[in-house]
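Have a look at the structure first, then read on.

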Amino acid sequence: MADPQFALEISNLLEQITAPNSEVIKAASSKLQKEYYVSEKCVPALIQIIQQSPSVQLRQLAAIEARKLVPAYWDELDAGLKAQIRMTLFQSTLQEPVSIVRHASSRVISEIAKCDLPNNEWVELPSYVQKAATSSAANEREVGVYLLYSLLESMDPTFTEKIGDFLTLFSQTINDPESQTVRTDTLLALGKIAEIIDTNSEHVAVFRQFLPSMVNVLKQLIEAGDTKALNQAFDVFQTLLWIESGVIGKSLGDLMQFMLELAKEPSADSEARILALQFLTNAVRFKRMKIQGLRIGPTLTSTAMSIAAESMDEIDEDAEEDSVPRLALRFIDMMSSTLPPSQVMNTLLSEIPKYLSSPNPNYRRAGLLALSVAAEGSPEFLATQLKFVLPVILQGLQDSVLEVRGAALSALAQLAEELQESISKEHETLLPLVFNMMDTSDLKVGKAACTALDAMVETMEKDVISKYLDTLMTRLIELLHQPASDISIKGPIIAAIGSAAHASQENFLPYFNTTVHALEPFLALTEGEAELDVKGMAFDAMSSMATAVGKEAFNPFASALVETAYQCFSSKHSRLRECVYLFFGCLAKIYGEEFGSFLPRIMPELFKVLEQEETGFEENDDVEVGDVDEADWNNITINSALAIEKEIAIDVLGDFAAGTKTAFLPYMEEASQLMLGLVSHFYEGIRKAAIGSLWQTVGVVYNISNPPKWQPGLPVKVPVAESVTTYSEMVMKATLEAFDEEDDRSVATVICDNFCEIIRLCGPAIVGNNTEAICTQVLAVLKKQHQCQTMEDDPEDEEYEDSAEYDVMLIESAMDCVVSLAAALGGDFTEYFRTFFPILQKFCSSSSVGERKAGVGALAEIVNGLKGAVTPWTTQLLKTFTHRLSDESIDVRSNAVYGYGMLAEYSQSSQEITATYTKTFQRLQQLLVSDAESARCIANICGCVARMCSAHPESAPIDAILPPLVYKLPLTDGFEENDPIFRLIVQLYQGQNATVQSLTGEILKALEVVFANDSEESKQFEHDATRNDVVQLLKYIYSTNPSSIPADSILAKTVQG
């Protein structure tokens, strides 16, 4: 069959590869590749070794090599030789006594079949295999079933057309009375069949009948402790979760229960428990609607919490390997992000008191860590539960056990990030406790304290952080100078310094020079993974500090820091390079077009990063016996660090464009082409960054063209420059194509957000002829039928009103798109609004507070965009807004108040509107009392009252309403509502209204605060025209009564200037 001498020489070389000498292995491998594997003679030679060698290792190794070489040389072999190989190889495989070699030899048969079957050769193989699988000899059944498994992997039509026959066969082999191997391989083969069958196939119902037996095989493998087979079996069940055919059907609930029981059993093997938790996590990810319908979220949450409480030692952030408690926390994180708060966070909060009152510190720690990991997925719900959550954090921070206090710090850091404003308000209580914990000798807790401090400080108001700044900076600089056995402790300290600078802004100036010098040793670090991590954080802090103090103060240090940053381009530490990119992006914002001189040196580096490939093929010279089941594609690697670096680099390109403006134009074309090529990248972070930066550059091109203010409506009344049209159409085409295919909710949200922002900036010209296409995608999202909302679920799944907060975020972004289109198109949007209105109306009565809030808010803003064109919808909108004035949620009530005011201002159905005035004024008066805690709601109430009075003064009891309205001024939030309020006041002064004149003193007090706070960063008036009218009113008041405005007041300067 083979050249004997040629086969002997290959055998000798293969034997050398098994020697424990790397040099010998490399030499033998090289010789095989260059001298023997270049001829088709190698295939029969290797097969002869498989069949005749007395060495198990050589037989296995020859099979591994033959499997790789068959695709290259099989068709070149003589027909007679191929026939001989087919006949003898099948028989030798059946007779092979060693299972690992049988598997390897079966793989060779599978490769030959992939070559033969499409050419209508070896057509008898399927019947041979089926006969072997039903043999009375267990070893032959093992070969037959394993061959079926291998051949099903090829997805050849000859085999896929026989699925019905195979299922009949597997109904016997899944319960094989002798061989665990037969049962296990049947399970693996069923996994391949599940990937092949269609959703509507008759085989789906048959397959579902196998699930109990498949679970039994899994149980047997758990009892046997066969780790490799167990992992393969769990892979099958993981596959059942993501395939589209929905074969798992109604068995999901039983499967979840089995996995949950396994995961929570402390005596079970940890590997099996880890695999069970991974299944549960992916089940929530891929079958979220079905799991939501099963209403098992509370059970899953409480069980995961109990698992997380098992051991304190195994929940270590720095540990590389997974542990059962750590995976339980990851499971809670996934549930919180995917399922509604009613099924996860609600349960978690109800369980926490039990955990915190436990004498076991593991339980107290687990309760706090569960809160920490779940916070990101349910911030809106947590914001309504602060009266409960804050005492939990305070209790944890004062726990007697250090590890519990560390967990409380982790929870505090996460809450501070998600609920920035709410947590910052508690600074007087929380900061002293965090300060005290920074002094601990425990490295992990010290880092956690600095991380919590970092998160809290970053979002503080400037006047609040200023109270602590001296104490804070003194302590942080001291900690920075203290010797440390682990340099990583310096990272959170440096991050906290950056956050302090960010929050205090120009008030950081007195600490700037000292802090720069304190950071210099860290910026000088050149080697060590942890050291370069810290160096990157030092650059991050420098970015925040530079932004805070401005370019004049930063200039003395700029040259040296920029040079140090340049040197980091050659570093192999990707995180350091990312920090340097962000540092340069920050300087571009600070220096503007002046930064353009740095671009020739920086841009080639960014382009070089974006041109690199994240995927590659990892060659493995070492052949490990026993790895025959690993396919070659397992050697394909993905450089995730490079993918993240690309994401940062793309974001920075947008910063460069926005900061340097015309200086960026020479790089615009190359940058745009690279980013357009990444809009469909496999990593969602890169897709989001590319879409965001592309639209950011569209905005730059638009602003550079110095356009006049756009006007609503189509056709476009204010044309834009040709460069804007050309560039925006290119980006729009790519974005719409990406949107149509997008399967990730977060990317779809970013697309909607960017559409919203660019339409607000550029108006109808940017929409052009794409209104229909944009509306189609947005409509799919609002109907919850977009691919990114449905691909994870089965077609038969029901739709549930209660939604995860991430789902609501996407809905809100889609609604913002509709609002922006209404503003840009004005009355021309009515034809589209007819389609959108019933869908938005449905959200207004959703059981989800987030959806009601979004729906009512969107309708209110759309009224503002349509203005008088909204009149045909007055009856329905009036009913919605008045009904929602009594909603249980203060946010929904606030949006309803705003919407009613807008409708009163713009609808031309005056009689219908004013007929509701009496009841509405009464309700608004009640809300002034009940909702006084919400500054935003108070602003909306005042604005609504002002709009009602201005629109229909004859129907409003102005003299009774005006005093309580004026006494609520100045507004502390929602400053755009100053416009309708002060328009009304100006209007009343012009009409010589006695009540408004009697309130002049109070009005002037309010305006003193308004003008004192008015700036480009914090505009107190939405429109310049309103501000100008108010200034004219002040001049009138001053002219009639100069003493009413003190000479040293802000108002006096306003009047005079």
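## Before we start

A residue is called buried when its relative accessible area is under 20%, exposed when that area is over 50%, and partly exposed in between. Keep in mind that this is a predicted model.

## The annotated stretch

UniProt, in an unreviewed entry, lists residues 28-95 as "domain: Importin N-terminal". In the model, that span is 81% helix and 0% strand.

## Charged pairs

How many salt bridges does the count come to? It comes to 42. Let's look at a few of them.

Start with a local one: glutamate 111 and lysine 114 join their side chains in a salt bridge, with 3.2 Å from N to O. Both sit in helix α6 (residues 99-116), three residues apart, so about one helical turn separates them. Glutamate 111 has a relative accessible area of 14%, which is under 20%, so it counts as buried. Lysine 114, at 35%, is partly exposed.

Other pairs reach across the sequence. Lysine 551 bridges to glutamate 594, and their closest N and O atoms are 2.6 Å apart. This pair links distant parts of the chain, 43 residues apart: lysine 551 belongs to helix α32 (residues 551-567), while glutamate 594 is in the loop between α33 (574-591) and α34 (599-611). Lysine 551 is partly exposed at 32% relative accessibility, and glutamate 594 is partly exposed too, at 48%.

Then there's glutamate 645 with arginine 577, another salt bridge, with 2.6 Å between the closest N and O atoms. Glutamate 645 is in helix α35 (residues 640-660) and arginine 577 is in helix α33, so the bridge ties together parts 68 residues apart in sequence. Are these two buried or exposed? Both glutamate 645 and arginine 577 are buried.

Salt bridges can also join up into a network, as they do for Arg852, Arg884, Asp887 and Glu888.

## Cysteines on their own

Searching the whole structure for disulfides turns up zero. Take cysteine 756: its nearest cysteine sulfur belongs to cysteine 817 and is 5.9 Å away. A disulfide needs the two sulfur atoms within 2.5 Å, so cysteine 756 is in no disulfide. Cysteine 756 is also buried, with a relative accessible area of 4%.

Cysteine 942 is in no disulfide either; the nearest cysteine sulfur, from cysteine 937, is 9.7 Å off. With a relative accessible area of 2%, cysteine 942 is buried.

Methods. Residues numbered from 1 in each chain as written. Predicted model: local features only at pLDDT ≥ 70, side-chain atom pairs only at ≥ 80, totals over all residues. Heavy atoms only, no water. UniProt positions renumbered as here; feature names shortened; annotations may be inferred. Helix = DSSP H or I, 4+ residues; strand = E, 2+ residues; numbered from the N terminus. Salt bridge = Lys/Arg side-chain N within 4 Å of Asp/Glu carboxyl O. Buried < 20%, exposed > 50% of the residue type's maximum accessible area, 1.4 Å probe, protein only.
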